[in-house]
Amino acid sequence: LQHYFIQSNLRSSMADNKDQPPAYNAYPPPPGGYPPAGGYPPAGGYPPPPQQYPPQQYPAGQQYPMQQYPATNAPAGNVVVQPYAASNVIVVQANPVPPPTNTIVAWIACLCFCMPIGLVAVCKANSAENKIRQGDYAAARELGESAKKWAIAAIVTAVILGALIGIIYIVFLFTVLSNNVY
């Protein structure tokens, strides 16, 4: 019974696959066999490639000749030429990390808290950005710290003024309500 079930399933699946191409093993193998793996012809039969230049060697104790390099654009960073034992060594130092300018904090303090003091913070942050473009990182650091201090001052001022105004409003509201009680 099981044998009959397998054969009937096989016949039904073959009837369903009439539009499909025949299986891979249904094609005859190509004449002459398959090419070797990798797609390359078998090794052998080819002469070794001729050597184009004879090997050159320097005599013992002789130094390599000094080479002159053509001038190129200066690399990014500071270039320092240091003398070292009768030859020049060029050391390229990476650009230092620019200090924070606190521009975002300054703008938030200006737009959301106390505009007059925040505007001073924005001006200091802008000056710090200009100093970074000029390469004066020390002045940029000072201006960035100054911008942060002005932004903090704007935030603290707005919080204190808001609290005072809130207290005055509440006191005024209770005073008015207590006088109008019948």
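The following dialogue explains how several terms apply to this predicted model.

Trainee: How many helices and strands does the chain have, and what makes a run of residues a helix or a strand?

Mentor: Both are DSSP runs, numbered from the N terminus: a helix is a run of H or I with at least four residues, and a strand is a run of E with at least two. The chain has four helices and two strands, and along the sequence they follow the pattern α-β-β-α-α-α.

Trainee: Why is Ala-106 called buried?

Mentor: Buried means under 20% relative accessible area, exposed means over 50%, and partly exposed lies in between, with a 1.4 Å probe and protein chains only. Ala-106, found in helix H2, has 0% relative accessibility and therefore counts as buried.

Trainee: Which class do Arg-133 and Val-120 belong to?

Mentor: Arg-133 has a relative accessible area of 62% and is therefore exposed. Val-120 has a relative accessible area of 30%, so Val-120 is partly exposed. Arg-133 lies in helix H3, and Val-120 also has its place in helix H3. In the chain of 182 residues, buried residues make up 12%.

Trainee: What makes two residues a contact, and which residues does Ala-106 contact?

Mentor: Contact means heavy atoms within 4.5 Å. Leaving aside neighbours within four places in sequence, Ala-106 is in contact with Gly-118, Ala-121, Val-122, Ala-125 and Ala-151. With neighbours set aside in that way, Val-122 is in contact with Ala-106, Trp-107 and Cys-110. Thr-101 touches Ala-125, Ala-128, Glu-129, Ile-132, Gly-144 and Ala-147, not counting residues up to four places away in sequence.

Trainee: What joins the side chains of Thr-101 and Thr-103, and why does the name apply?

Mentor: A polar contact is a pair of N or O atoms within 3.5 Å; within protein, one must be able to donate a hydrogen and the other to accept it, and residues adjacent in sequence count only if both atoms are side-chain atoms. The side chains of Thr-101 and Thr-103 are joined at 2.9 Å, and this is a polar contact.

Trainee: How do you know that the buried residues of H2 are on the same side?

Mentor: In helix H2 (residues 103-113), the buried residues are Ala-106, Ala-109 and Cys-110. They cover an arc of only 95° around the axis, which puts them on the same side of H2; the arc is that of the directions from the helix axis to the C-beta atoms. On the other side of H2, Ile-104, Leu-111 and Cys-112 are exposed. The buried residues of H2 pack against helix H3 (115-134) and helix H4 (137-179).

Trainee: Which residues of H3 are buried, and why are they placed on one side?

Mentor: The buried residues of H3 are Gly-118, Ala-121, Val-122, Ala-125, Ala-128 and Ile-132. They cover an arc of only 120° around the axis and are therefore on the same side of H3. The face turned away from that buried side carries the exposed residues Pro-116, Arg-133 and Gln-134. H2 and H4 are among the elements covering the buried residues of H3.

Trainee: How is the span of H3 set against what is expected?

Mentor: The expected span of a helix is 1.5 Å times one less than its number of residues. H3 has 20 residues and reaches 28 Å from its first C-alpha to its last, close to the expected 28 Å.

Trainee: What makes a set of residues a nonpolar core, and which residues form the largest?

Mentor: A nonpolar core is a set of buried Ala, Val, Leu, Ile, Met, Phe, Trp, Tyr and Cys residues joined through side-chain atoms within 4.5 Å. The largest has ten residues: Ala-106, Ala-109, Cys-110, Cys-114, Ala-121, Val-122, Ala-125, Ala-147, Ala-151 and Ala-154. The elements giving two or more residues to this core are H2, H3 and H4.

Methods. Residues are numbered from 1 along each chain as its sequence is written. This is a predicted model: local features need pLDDT of at least 70, side-chain atom pairs count only at pLDDT 80 or more; totals for chains, interfaces and linings use all residues. Side-chain values use heavy atoms; hydrogens and water are left out.
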